[in-house]
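Walk me through this structure, chain by chain and then across the interface. Keep it brisk.

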Amino acid sequence: MSKSSGMLHLRQQQMMAALLAGDDAITAHIAGDHNLDAQQRLSIYQSGYRLRLREVIDNDHPVLGSYLGDDLFEQMVDGYIESVPSRYRSLRYYCDPLPDYLKRDSFFGQYPHIAELARFERGLLSSFDAPDWDTASVETLQQLPPELWPGMQLRFHPSLQLFSSHDNAVEIWQAIKADQTPPNPSQQSACWVIWRNRERLTEFRSAAPLEQRLIHCFIEGENFTTAAELTAAEVGEEAAAAELLSVLVRWLELGWISQLTGLGTQPTLEIAEKP
Amino acid sequence: MNDHFLGFGLGLRTQHFNDVLESRPDVDWFEIISENFMVAGGKPKYYLHAIREQYPLVMHGVSMSIGSTEPLDKDYLQRLKLLANEVQPQWISDHLCWTGLEGVNSHDLLPMPYTEEAIDHIAGRIMQVQETLGRQLLLENVSSYISYTESVMSEWEFYSEVVERADCLMLLDINNIYVSSRNHNFDAQTYLNSINPERVRQFHLAGHSDYGTHVIDTHDHDICDPVWALYRKALQRFGAVSTMIERDDNIPPLNQLLDELQIARDIAAEVLPCPHAGKPAAQLEIR
């Protein structure tokens, strides 16, 4: 670094310290006048920084905001902005670490469903602008030569995510979205599928245990034969083929599947499961 | 007439995506915020492509951080280049400022000290960016609320020198000149008079919030009369320059922005001898 950029670097460090931590060392290098002194001028940037980030949290997490109410929302905003400076070029991603922050915060961490509510809203946003891939149709399945069915694998649409949770965060989200009183938080095992439909709208629906296992089965690169065995273990040999076919047709109709392949290509799927 | 005159444009905002496609408004071109479309897919990309089929686009970035003392973000530049390959914009712009340090982004357009050292620093980085993108970059003057005691020249001298040394182009934000002239008590006309017309490729117009002692560049109001007056003077000095309105908050219906854009067209029609001023870009020869 040159001597000159050393001065620039120092000023930039001082400015960032003023924005992130309220440090006022930079004011000695800011010219004031009769209208505004150096501190007043600096405070325009300090206020702008907070307002901008606050607006992002508000826009990205409207249901979480409604659920918390004004006071708790401000508490969350203050704590998050102080603890988590943006490391992203786009504000679109600023709240990506919000669920983790809520989980480890000494206050909000007492209420794990709040972090889950945030995680669910992040999941909806991730599906919203996931890559555009074509979706396979039921006809694609019907046209597959019978000899390829046993080895058939699936490539899910990149917007599809599994949201597994141990509480009723999604039910709380749904109630608030519908302007209804949210249920009390409770522990329950739940699994939801989030995806973007063919009209580019984000949707979600609950996944039954067999459906969850089948999704995992195909995510792991297993083929139709393995999926059929898994289904048979659940519903019996006789009903297995019809059940599995019904599941596949539903997935195809919903636009969850981008590609049917018997070539052993690894499916691509972002999993938003709780670690 | 300026060979690169696109006519009169608007900032493309999500609130207007549907209206733009359905009503195909009388806008000559749109400016997109580059970072908003650095996503993989979904609605943003769908509308981007659909609107690109019908309108010329330019790309305007907010996070290149050309003045920062941290290394240029090569990953960002590559993503910008990929987006440019996809969009085929008429040009790419960003701001004469810095936005963050050591991996932390302030998401603000922070001003530089106006020093020889800062000119050297920025000009070298602009040349690197232009090399990567394979084209000249437009740099916009930002609104500012502070000036550094180390500054040894005016903003317009600094801006001009950076642009000449880096051989880049100017996106002159008329509202920002007004805002900074109020905040730093300088004469906006002097600013305009010092700018080399050969370097000016685009104008921005926008609204701001006036607090009496200072003015903040909020982009949430209509354009005020003093800014329109400065725009008139800018046209007199620079001729037909592609002009667009930025509105980023308190965003009104598209029709309201079209009415505001018509004011820009009317002023241009009064000021400019060029018979094409105020005509849609499709009727012009656009490079």
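Ala28(A) sits in the loop that links α1 and α2 of chain A. Is Ala28(A) buried or exposed? The model is a predicted one, and in it Ala28(A) has 9 other C-beta atoms within 10 Å. The cut-off for an exposed residue is 12 or fewer, so Ala28(A) counts as exposed. Along the chain, Ala28(A) and Ala38(A) are 10 residues apart. Their C-alpha atoms are separated by 7.8 Å.

Now take chain A as a whole. Its secondary structure comes to 10 helices and five strands. The chain has 275 residues, and 32% of them count as buried. How does its radius of gyration stand against that of a compact globule? A compact globule of 275 residues would come near 19 Å, but chain A has 25 Å. Along the principal axes, the C-alpha atoms fill a box of roughly 85 × 50 × 30 Å. Consider next the contacts in chain A with a separation of 6 or more. Of these, 62% join residues 24 or more positions apart.

Two packed helices are described by the angle between their axes and the distance between the axes. Here the pair is α3 (residues 62–83) and α7 (residues 169–177), both of chain A. Their axes come within 10 Å and cross at roughly 85°. Angles of 65 to 115 degrees count as roughly perpendicular, so α3(A) is roughly perpendicular to α7(A). Which residues make the contact? From α3(A) come Val63(A), Ser66(A) and Tyr67(A). From α7(A) come Ile172(A), Trp173(A), Ile176(A) and Lys177(A). By class, the contact has five nonpolar residues, one polar and one charged. The spacing of such positions follows a general rule. An α-helix has 3.6 residues a turn, so residues three or four places apart point the same way.

Move to chain B. It holds nine helices and 12 strands. Its radius of gyration is 18 Å, close to the 19 Å that the globule rule gives for 287 residues. Chain B is therefore as compact as a globular protein of that length. Its C-alpha trace spans about 50 × 40 × 35 Å along the principal axes. Buried residues make up 48% of the 287 residues. Among contacts in chain B with a separation of 6 or more, 79% are between residues 24 or more positions apart.

Gln88(B) follows α3(B), and its phi is positive, near 50°. Helix α8 of chain B, residues 225–238, contains Ala229(B). Ala229(B) has 14 other C-beta atoms within 10 Å and is partly exposed. Ala229(B) lies 196 residues along the chain from Ile33(B), and their C-alpha atoms are separated by 27 Å.

Last comes the interface. How many residues does each chain bring to it? There are 38 residues of chain A in contact with 38 residues of chain B. On the chain A side, the elements that give two or more residues are α1 (3–21) and α2 (38–60). The largest share, 11 residues, comes from α1(A). The chain A side divides into 18 nonpolar, 10 polar and 10 charged residues.

Note on methods
Residues numbered from 1 in each chain as written. Chains lettered and ligands numbered in written order. Predicted model: local features only at pLDDT ≥ 70, side-chain atom pairs only at ≥ 80, totals over all residues. Contact = placed C-beta atoms within 7 Å. Helix = DSSP H or I, 4+ residues; strand = E, 2+ residues; numbered from the N terminus. Nonpolar A, V, L, I, M, F, W, Y, C, P; charged D, E, K, R; others polar. Rg over C-alpha atoms; globule rule 2.2 N^0.38 Å. Buried ≥ 20, exposed ≤ 12 C-beta atoms within 10 Å, placed from the backbone. Axes fitted to C-alpha atoms, helices over the stretch in contact; angles between N-to-C directions. Parallel < 35°, antiparallel > 145°, perpendicular 65-115°, else oblique.
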